[in-house]
Amino acid sequence: MKKVIIIGATSGIGRELAKLFVQSGCIVGATGRRPELLDTLKEEFPGKIFTACFDVMGNENIQHIQSLIDQLGGMDIFIYNSGYGDTSQTLDWKTDQQTTLTNVNGFVETVNFAFNYFSKQGHGQIAGISSIASIRGNSWAPAYSASKAYMSNYMEGLHMKAAKMKLDISITDIQPGFVKTKMAKGNGQFWVAPVAKASKQIFTAIQNKRRRAYITKRWWLIAKLMKGVPYWIYKRIG
Ligand SMILES: NC(=O)c1ccc[n+]([C@@H]2O[C@H](COP(=O)([O-])OP(=O)(O)OC[C@H]3O[C@@H](n4cnc5c(N)ncnc54)[C@H](OP(=O)(O)O)[C@@H]3O)[C@@H](O)[C@H]2O)c1
């Protein structure tokens with residue numbers, strides 16, 4: 001029975017992933033800041049879901065993860081899903097700070113811990129929910145796209161590091177387009193995927209130990225376009 005820890009599993013993609021992993025026979029450690037949502041998740045799957053309520057912007061991330069590992073009796077898969085983002089049209093510091101603390105600081109501290117844990121254990125899997133926004137800069141939410149670029153870049157580095165060190169640790173960089181949750185903000189949204197569909201594709205990508213997955217799959221086309229378009233054109237839309 002695999003033991004899966006999901007950071008940010010109170011709502012949206014993370015909550016759905018928790019259910020999918022439990023339904024596939026795993027036990028899950030779920031985290032988030034909203035205790036009532038963690039409680040309802042636990043009640044839905046008695047004995048299959050363990051919880052830890054904490055803010056990834058705090059100073060006790062590793063202690064909380066360690067206590068979840070103890071409750072689960074180990075860890076095989078670590079998923080960093082917690083995320084924050086908002087438009088920062090007047091370049092609001094509070095928005096940029098919360099984005100960076102959640103998507104960069106919380107991510108790197110916990111993924112660094114998970115990689116070293118799996119390195120000692122001899123095997124493991126890490127997945128991070130980045131974004132298609134990681135591909136280019138964005139004038140509306142510069143900290144968000146930059147933070148997601150950090151995540152994707154870091155995971156690419158870990159993927160190479162695991163291979164060079166001959167470690168049995170798989171790293172999966174998940175890059176969703178729009179998914180119908182409260183995180184999907186702003187006008188001009190298209191190809192908005194239902195949470196269930198996006199989460200199923202993420203679950204399959206993690207199971208298949210994919211290096212990178214665009215969610216839903218057709219977002220690979222937008223990724224390709226975003227990467228290829230010259231800056232003088234991109235700056236009109238980005
Ligand atoms: N929806 C989209 O269109 C979209 C597109 C690309 C990427 N993503 C990424 O997908 C991930 C999941 O987002 P979602 O769309 O499912 O939105 P969501 O329902 O708002 O989920 C966000 C999750 O992150 C947790 N979280 C946020 N800030 C946290 C903090 N400071 N400490 C601990 N946990 C925190 C939330 O838990 P609490 O609030 O309970 O703490 C919640 O469980 C995010 O990383 C997001 O950037 C989403």
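1. Two strands are taken as paired if DSSP finds at least two bridges between them. Helices (H or I, at least four residues) and strands (E, at least two) are DSSP runs, numbered from the N terminus. On these terms strand 1 (residues 3-7) and strand 2 run parallel and are joined by four bridges. Lysine 3 stands opposite isoleucine 27 of strand 2.

2. On the basis of the note: this is a predicted model, in which local features need pLDDT of at least 70 and side-chain atom pairs count only at pLDDT 80 or more, while totals for chains, interfaces and linings use all residues. Residues are numbered from 1 along each chain as its sequence is written.

3. Overall form. The chain has eight helices and seven strands. Its radius of gyration is 17 Å, close to the 18 Å that the globule rule gives for 238 residues, so the chain is as compact as a globular protein of that length. The radius is taken over C-alpha atoms, and the rule is 2.2 Å times the number of residues to the power 0.38. Along the principal axes, the C-alpha atoms fill a box of roughly 55 × 40 × 35 Å.

4. Burial. A residue is called buried if 20 or more other C-beta atoms lie within 10 Å of its own, exposed if 12 or fewer, and partly exposed in between, with C-beta atoms placed from the backbone. Of the 238 residues of the chain, 43% count as buried.

5. Strand 2. All of strand 2 (residues 27-32) is buried, six residues of six, so this strand is largely enclosed by the rest of the structure. In a regular strand the side chains alternate between the two faces of the sheet. Here Ile27, Gly29 and Thr31 point one way, whereas Val28, Ala30 and Gly32 point the other way. Strand 2 also runs parallel to strand 3 (residues 49-53), with five bridges between them; valine 28 stands opposite isoleucine 49.

6. Crossovers. A crossover is right-handed if, with the strands pointing away from the viewer, the path from the first strand over the helix to the second runs clockwise. Strand 1, helix 1 (residues 12-23) and strand 2 form a right-handed β-α-β unit, as do strand 2, helix 2 (residues 35-44) and strand 3. Strand 6 (residues 169-176) and strand 7 (residues 212-215) run parallel and are joined by four bridges, with isoleucine 174 partnered by alanine 213.

7. Helix 1. Ten of the twelve residues of helix 1 are buried, among them Gly12, Leu17 and Phe21. Alanine 18 touches Ile6, Ala9, Val28, Ala30, Leu41 and Ile49, not counting residues up to four places away in sequence; contact requires C-beta atoms, placed from the backbone, within 7 Å. Just after helix 1, glycine 25 takes a positive phi of about 105°.

8. Nonpolar core. A nonpolar core is a set of buried Ala, Val, Leu, Ile, Met, Phe, Trp, Tyr and Cys residues joined through C-beta atoms within 7 Å. The largest has 58 residues, of which Ile5, Ile6, Leu17, Ala18 and Ile79 touch the most other members. Helix 5 (residues 142-164) supplies the largest share of this core, six residues.

9. Helix 5 and serine 130. The buried residues of helix 5 include Ala143, Tyr144, Met151 and Leu158, and their cover includes helix 4 (93-121), strand 5 (124-129) and strand 6. Serine 130 is found in the loop between strand 5 and helix 5 and counts as buried, with 26 C-beta neighbours inside 10 Å. Serine 130 and methionine 151 are 21 residues apart in sequence and 6.2 Å apart in space, C-alpha to C-alpha. Beyond its neighbours within four places in sequence, serine 130 is in contact with residues including Lys148, Ser152 and Asp173.

10. Backbone points to inspect. The peptide bond from isoleucine 215 to threonine 216 is cis, with omega near -10°; threonine 216 is in the loop between strand 7 and helix 7 (219-228). Tryptophan 191, in the loop between strand 6 and helix 6, has a positive phi near 45° and is exposed, with 12 other C-beta atoms within 10 Å. Lysine 209, in the loop between helix 6 and strand 7, has a positive phi of about 55° and is likewise exposed, with 12 C-beta neighbours inside 10 Å.

Conventions. Contact = placed C-beta atoms within 7 Å.
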